[in-house]
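Hi everyone, thanks for making time this morning. I'd like to walk you through one structure, from the overall fold down to a couple of single residues. Have a look at it first.

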Amino acid sequence: MTALSSFHRLSRQFAAFFGVGLAAAVAHYGLLILLVEGGGFHPVPATLAGYVAGGLVSYVLNRRHTYQSSRPHREATWRFAVVAFVGFLLTWFLMHAFTVWIGGPYLPAQVITTGVVMLWSFMAHKIWTFA
């Protein structure tokens with residue numbers, strides 16, 4: 001496989017991951033905004049609930065469409081959970097830092113956090129979860 005074809009395959013895979021991420025983000029941000037604006041929740045626990053909802057969407061769609069994994073669910077689910085747990089901790093830390101320590105608005109903080117966690121998740125799932 002040439003470097004160009006490897007790059008092309010990686011680009012297509014990342015584009016699929018990004019599309020799945022959009023679907024997961026709808027679940028995540030939807031629940032986050034609903035809990036903060038409608039339920040009066042603090043942004044940190046609300047975003048963690050949204051993270052879990054988005055994670056469920058992400059597992060199903062990434063397994064099938066992004067990585068086309070044949071790894072059995074009994075292996076892939078616990079690996080996915082480990083990667084998601086690290087992302088959960090990153091989400092907690094970054095959102096806490098941005099909204100509590102810095103006092104910033106929660107939605108821009110979530111956008112930055114999403115970018116960081118997205119890069120972590122893509123590489124970890126590609127190399128380990130669904131490999």
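Before we start, one term: when I say two residues touch, or are in contact, I mean that they have heavy atoms within 4.5 Å. And please keep in mind that this is a predicted model.

Leaving aside residues up to four places away in sequence, Ser58 touches Val20, Ala24, Arg63 and Phe80. Is Ser58 buried or exposed? Its relative accessibility is 14%, and the cut-off for buried is under 20%, so Ser58 counts as buried.

Now let's step back to the whole chain. The C-alpha trace spans about 50 × 30 × 20 Å along its principal axes. For 131 residues, a compact globule would have a radius of gyration near 14 Å, and the chain's 16 Å agrees with that. Of the 131 residues, 37% count as buried. If we take contacts between residues at least 6 apart in sequence, 70% of them join residues at least 24 apart. As for the surface, the chain exposes about 7400 Å², with carbon and sulfur atoms supplying 75% of it.

Which helix gives the most to the lining? That is α1, with 9 residues. Still, α1 (3-38), α2 (43-66), α3 (73-101) and α4 (106-129) each supply at least two residues. By type, the lining divides into 12 nonpolar and 13 polar residues, with no charged ones.

Last stop: Gln68, in the loop between α2 and α3. What is the phi of Gln68? It is positive, about 45 degrees, although Gln68 is not a glycine. As background, most residues other than glycine have a negative phi. With a relative accessibility of 63%, Gln68 counts as exposed, whereas Ser58 counts as buried.

That's my tour, and I'm happy to take questions.

Note on methods
Residues numbered from 1 in each chain as written. Predicted model: local features only at pLDDT ≥ 70, side-chain atom pairs only at ≥ 80, totals over all residues. Heavy atoms only, no water. Rg over C-alpha atoms; globule rule 2.2 N^0.38 Å. Buried < 20%, exposed > 50% of the residue type's maximum accessible area, 1.4 Å probe, protein only. Areas by Shrake-Rupley, 256 points an atom, 1.4 Å probe, with all protein chains shown as cover. Helix = DSSP H or I, 4+ residues; strand = E, 2+ residues; numbered from the N terminus. Nonpolar A, V, L, I, M, F, W, Y, C, P; charged D, E, K, R; others polar.
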